[in-house]
There are 2 protein chains.
Amino acid sequence: MELSATAYVILGMVSREPRSGYEIKGLVDDTTRFFWAASYGQIYPELKRLSEAGLIEGVDAPRGERKRTVYAITPEGRAALQQWLRQPPGIYEMREEGLLKLFFAGALPPEEAVATLRAMREHRLGVAERLRSIEPKALAKDGEGDPFPLMVLRGGIEFNEWFAEWCERMEAQLLDPAREKRSS
Amino acid sequence: MELSATAYVILGMVSREPRSGYEIKGLVDDTTRFFWAASYGQIYPELKRLSEAGLIEGVDAPRGERKRTVYAITPEGRAALQQWLRQPPGIYEMREEGLLKLFFAGALPPEEAVATLRAMREHRLGVAERLRSIEPKALAKDGEGDPFPLMVLRGGIEFNEWFAEWCERMEAQLLDPAREKRSS
DNA sequence: TTTTAGATATATCGAAGCGATATATCCTTT
DNA sequence: AAAGGATATATCGCTTCGATATATCTAAAA
């Protein structure tokens with residue numbers, strides 16, 4: 001059976017404890033969103049498919065009058081997750097409108113490209129800050145034996161800070177082109 | 001008129017000289033692909049739309065019996081491109097299956113996560129190398145006054161090398177967890 | 001010399017993903 | 001009592017992606 005990577009996100013998210021579709025969406029938004037997002041339009045149909053395939057199992061868990069279904073991973077689901085984790089990763093995509101604008105910046109007077117770099121830098125610093133604000137929560141969970149979410153989160157912080165620093169360097173290079181040659 | 005970012009990729013690609021859809025696809029694959037890809041399924045319909053909107057203009061330029069249309073940017077198209085370049089960028093997406101697998105790696109015995117990090121590192125080193133092989137071509141064009149494609153290309157090389165180095169560090173951390181505490 | 005493989009050129013399809021929104025219930029605050 | 005926001009499930013339209021179909025041209029291999 002062929003499963004999408006998003007299916008494995010769901011398997012991973014229910015692998016420690018049963019969760020509802022809504023909870024999964026919230027978790028994804030708090031954690032993997034920066035390198036793998038998922039929408040309701042993916043999550044709910046996928047929960048149905050995984051349930052029919054026997055990889056997860058839905059259990060009614062209403063809160064008051066509002067009905068609610070939480071899904072738990074089955075032994076087959078756990079096996080499928082582990083089998084997937086052992087395959088080398090194959091999807092690497094990026095969509096960066098800032099780099100695109102920088103690439104075509106020759107169509108504008110040079111001093112205007114600086115504005116794009118500044119906006120990119122501000123954005124990256126903002127993301128880094130947001131990730132930092134999540135860090136204490138991830139650190140708390142780290143004590144329970146799973147170091148990977150924290151490792152990935154810190155990687156995200158480092159990446160955004162590295163990117164911001166690159167933008168700064170490129171801005172300096174644009175403002176003083178001679179400097180590049182002096183240092184090389 | 002609302003245009004997608006991919007429409008501006010096309011405007012940018014025909015802004016220096018007229019090109020066919022096939023040439024645009026090839027150019028994108030050689031340059032912006034790493035932060036903004038485009039498929040034939042986007043390019044050809046978009047060429048039609050941009051042409052109808054008067055932002056580009058198609059001219060028959062057959063090669064022998066094979067018909068061929070090259071598109072040139074119009075003054076309105078150039079204005080639209082510049083106006084877009086002046087807006088702050090707003091799309092930042094990433095899909096990294098490797099980080100996803102690392103995030104869920106707690107579901108496997110610890111020594112197996114190392115394999116994911118190694119695969120990620122190999123991949124990044126490979127991309128960096130491929131980008132380096134393009135560098136001389138970009139460097140040649142740099143002399144003609146547009147420094148931005150080369151700047152973006154070198155940014156891509158740096159990014160991939162930074163990422164590879166991060167993978168290496170994380171691998172070392174996994175293999176010797178005590179080290180992390182000693183250095184902090 | 002044939003043929004075959006690969007590049008050029010345009011076009012379209014299905015599957016997947018994304019963002020927004022509809023519906024409804026619950027809880028907390030004003 | 002009303003309003004606003006969180007919980008919960010679901011769906012729709014649009015964009016994008018990858019693969020592929022069709023056809024012509026060129027260069028190399030058999």
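Modeller: Two residues are counted as being in contact if their C-beta atoms, placed from the backbone, lie within 7 Å. Before we apply this, note that the model is a predicted one, in which local features need pLDDT of at least 70 and side-chain atom pairs count only at pLDDT 80 or more, while totals for chains, interfaces and linings use all residues. Residues are numbered from 1 along each chain as its sequence is written, and chains are lettered from A and ligands numbered from 1 in the order in which they are written.

Biologist: With contact defined in that way, how many residues does each chain bring to the contact?

Modeller: Chain A contributes 49 residues and chain B contributes 50. Of the interface residues of chain A, 100% are interface residues in chain B as well, so the copies meet through the same surface.

Biologist: What rotation and what shift superpose chain A on chain B?

Modeller: The general idea is that two copies of a chain are related by a rotation about an axis and a shift along it. Here the superposition, done by least squares on the C-alpha atoms of residues with pLDDT of at least 70 in both copies, takes chain A onto chain B by a rotation of 180° with 0.0 Å of shift along the axis, at an RMSD of 0.1 Å. The two copies are therefore related as by a two-fold rotation axis. Within chain A, the residue that comes closest to this rotation axis is A:Met94, whose C-alpha lies at 2.2 Å.

Biologist: Which elements of chain A give two or more residues to the side that touches chain B?

Modeller: Chain A, with its 49 residues in the contact, draws two or more of them from each of α1, α4 (75-86), β3 (92-96), α5 (97-103), α6 (110-142) and α7 (148-175). The largest share, nine residues, comes from α7(A). If Ala, Val, Leu, Ile, Met, Phe, Trp, Tyr, Cys and Pro count as nonpolar, Asp, Glu, Lys and Arg as charged, and the others, Gly among them, as polar, then this side of chain A divides into 30 nonpolar, ten polar and nine charged residues.

Biologist: In what sense does β3(A) pair with strand β3 of chain B?

Modeller: Strands are said to pair if DSSP finds at least two bridges between them. In this model β3(A) and β3(B), residues 92-96, run antiparallel and are joined over five bridges, with A:Arg95 standing opposite B:Glu93.

Biologist: How should I judge the span of helix α7 of chain B, and what do its buried residues pack against?

Modeller: The expected span is 1.5 Å times one less than the number of residues; for the 28 residues of α7(B) this should give 40 Å, which agrees with the 41 Å between the end C-alpha atoms. A residue is buried if 20 or more other C-beta atoms, placed from the backbone, lie within 10 Å of its own, exposed if 12 or fewer do, and partly exposed in between. The buried residues of α7(B), including B:Phe148, B:Phe159, B:Asn160 and B:Met170, pack against α5, α6 and α7 of chain A together with α6 (110-142) of chain B.

Biologist: Why does B:Asn160 count as buried, and which residues does B:Asn160 contact?

Modeller: B:Asn160 counts as buried because 22 C-beta neighbours lie inside 10 Å. Leaving aside neighbours within four places in sequence, B:Asn160 is in contact with B:Arg124, B:Val127, B:Ala128 and B:Leu131.

Conventions: Helix = DSSP H or I, 4+ residues; strand = E, 2+ residues; numbered from the N terminus.
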